[in-house]
Amino acid sequence: MDNEVKNEKSPAVFISYSHDTPQHKKWVGELASRLVDNRVDVLLDQWEIDLGDDIPKFMERSVSKADCVLMICTETYVRKADDGTGGAGYEAMIVTGELVKDLGTAKFIPVIRQINGTKLVPKSMSTRFFADFSDGQNFDEQFEVLLRRIHKVPKFKKPALGKDPFAAERAAISTASEPKAQPAEIVSQLYLQASRSAQNNDVLSWRRLLRQAKQLGFEQLQAWRATSEKDLQVERGDLLPVAGTGVGAIAPILAVALAGVESGQDKFKNQVGIIDEILAPPGWSNAGYAAIAEFPNCLVLVYQALHGAVCMDTDQAGLAVRLARSQFRRPHSLEKVTLFEERNWVGWLNFISESATVAWDFLGSLYESQLWLKEIFGSKEDYLAALSSYYALLNIMEATAFVVSGRSGLFKGGELHLDVPLCCFTIPRELGPRAYRKLTQDKGELKNVWEGAGISTESLAKVWPAFVECCKRWLWEVYRGRPGRFELYHREIFTELQFSSAKIGAEVG
């Protein structure tokens with residue numbers, strides 16, 4: 001036999017058959033020759049046995065050596081194999097059931113060559129792969145099937161494994177025990193995956209992702225608390241970096257929830273309930289260091305600010321108003337309060353500082369500390385403009401609340417205490433027009449802020465100049481020592497809406 005064919009890389013095949021007729025013996029020899037032509041090292045009695053050779057030993061050696069054993073299943077072969085013994089002479093080469101049982105069936109391949117359409121195989125082979133050569137017209141097709149099986153080259157290849165669609169979730173879950181915030185790239189992946197699920201209207205995938213993000217975020221929050229209470233030598237001014245790390249702990253929750261808001265899809269955008277959950281994290285204790293115990297208030301400040309900024313950036317002012325006007329129960333209290341009327345939730349956060357400016361600067365710094373926000377807003381300028389326009393919207397909502405409660409007289413020199421800080425007007429002046437466009441991009445939705453509360457546009461327009469003056473005084477008193485000029489870019493809002501012809505307000509010098 002050719003040395004190349006006998007190369008060790010070539011599969012070795014032993015052919016077991018019964019000598020039914022001279023024609024059948026010839027057919028087996030032709031099959032063996034064709035296999036050899038296709039680089040298969042065939043062990044066949046017609047080529048290997050001489051007079052005086054021990055046939056049973058040849059058979060056992062060949063079965064042991066071969067990578068595959070082809071069992072040519074004629075009716076006679078099947079009957080003799082099932083009998084469990086071979087007859088005299090060449091019939092002893094039949095692979096018996098006992099031999100198959102001893103060696104296992106992985107290497108045995110039935111090759112059916114029968115008449116009358118039967119498909120008989122030895123009982124020991126009843127569940128095995130077989131090639132069917134009963135119909136001569138299908139010889140080439142069946143030969144290819146057999147050859148591919150011998151060479152282990154399937155016609156239909158299994159495709160390579162694709163990218164795990166839940167890689168971000170698995171990575172997130174695997175690091176759930178770490179006390180530090182999620183790595184930025186993993187949270188970004190969570191956001192992108194949640195965004196795709198929302199855009200594809202894949203509710204089940206999105207809910208599963210949010211559920212796992214909550215599990216991870218709240219576990220990290222508890223780990224953050226344990227570390228913070230252990231290591232913190234407490235002065236309130238030292239809490240800013242601690243707050244940043246705590247926000248990072250629940251970043252998975254924020255990222256997935258805000259992806260739903262950003263989508264604008266009805267099934268995903270309503271994320272009001274997140275506030276209830278972060279106000280009362282699972283297993284959160286009210287005992288211990290007071291500032292740490294009250295940290296959920298800081299999480300509300302961050303979430304409502306980011307939620308509002310996303311809404312203004314995606315032309316969903318009405319959704320921002322809906323959250324701001326929702327009522328929530330304060331920690332350790334049965335009392336419910338409207339979100340934008342709770343100073344601790346919109347800007348005067350005791351955990352960070354009693355200064356609203358410090359809280360505003362903290363919100364602005366999230367763009368650097370929470371890198372996944374770049375996936376939503378792009379540039380920091382767009383982030384600040386969106387955040388500022390949201391707080392300008394809250395400012396309008398607070399003016400409306402004064403009118404609804406009959407306290408608009410305070411606009412004219414009375415003692416007016418604002419719950420919503422006006423730090424949003426301290427952004428760089430070149431960002432003012434950008435923020436104003438976000439605020440007024442849907443004028444119908446903007447008018448609904450006050451008209452939905454029962455105040456006509458004409459009524460609010462009449463008291464608006466006086467309210468703007470109050471806001472100017474607030475800015476002057478808070479920032480008189482700070483260089484620069486601040487602009488109430490929403491001062492002309494009613495002029496643009498064509499309900500007042502006079503210019504309203506002016507820059508604060």
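The entries go from the whole chain to single residues.

**Basis.** I am working from a predicted model, in which local features need pLDDT of at least 70 and side-chain atom pairs count only at pLDDT 80 or more, while totals for chains, interfaces and linings use all residues. Residues are numbered from 1 along each chain as its sequence is written, and side-chain values use heavy atoms, with hydrogens and water left out.

**Whole chain.** I looked up the secondary structure and found 24 helices and seven strands in the protein chain. Helices (H or I, at least four residues) and strands (E, at least two) are DSSP runs, numbered from the N terminus. The chain has 509 residues, and 50% of them are buried. Buried means under 20% relative accessible area, exposed means over 50%, and partly exposed lies in between (1.4 Å probe, protein chains only). Among contacts (heavy atoms within 4.5 Å) with a separation of 6 or more, 71% are between residues 24 or more positions apart.

**Salt bridges.** Side chains of opposite charge can pair when their charged atoms come close. I counted a salt bridge where a side-chain nitrogen of Lys or Arg is within 4 Å of a carboxyl oxygen of Asp or Glu. The structure has 12 of them.

I checked arginine 434 and aspartate 382, whose closest N and O atoms are 3.0 Å apart in a salt bridge. This pair links distant parts of the chain, with arginine 434 in helix H21 (residues 432-440) and aspartate 382 in helix H20 (residues 380-404), 52 residues apart. Arginine 434 is partly exposed at 27%, and aspartate 382 is partly exposed at 24%.

Next I took glutamate 469 and lysine 472, a salt bridge with its closest N and O atoms 3.1 Å apart. Both are in helix H23 (residues 457-479), and because they are three residues apart, about one helical turn separates them. Glutamate 469 is partly exposed at 32%, whereas lysine 472 is buried at 16%.

Salt bridges with shared partners join Arg330, Glu335 and Glu342 into one network. Within it, arginine 330 and glutamate 335 have their closest N and O atoms 2.9 Å apart. Arginine 330 is partly exposed at 28% relative accessibility, and glutamate 335 is partly exposed at 45%.

**Negative patch.** I noted a negative surface patch formed by Asp50, Asp53, Asp54 and Glu60. Patches are made of residues with over 30% relative accessible area and no salt bridge, like charges being joined within 9 Å and nonpolar side chains (Val, Leu, Ile, Met, Phe, Trp, Tyr) within 5 Å. Aspartate 54 sits in the loop between helix H2 (45-48) and helix H3 (55-65), and is partly exposed at 37%.

**Single residues.** Is serine 188 buried or exposed? Serine 188 is buried, with a relative accessible area of 11%, and lies in helix H8 (residues 184-199). Beyond neighbours within four places in sequence, serine 188 is in contact with Trp372 and Glu375.

Arginine 79 is in helix H4 (residues 75-83) and is partly exposed at 46%.

Definitions and conventions: Accessible areas come from the Shrake-Rupley method with a 1.4 Å probe; for residues, only the protein chains shown count as cover. Lys and Arg count as positive and Asp and Glu as negative; His and the chain ends are not counted. The place of a charge is taken as NZ of Lys, CZ of Arg, CG of Asp or CD of Glu.
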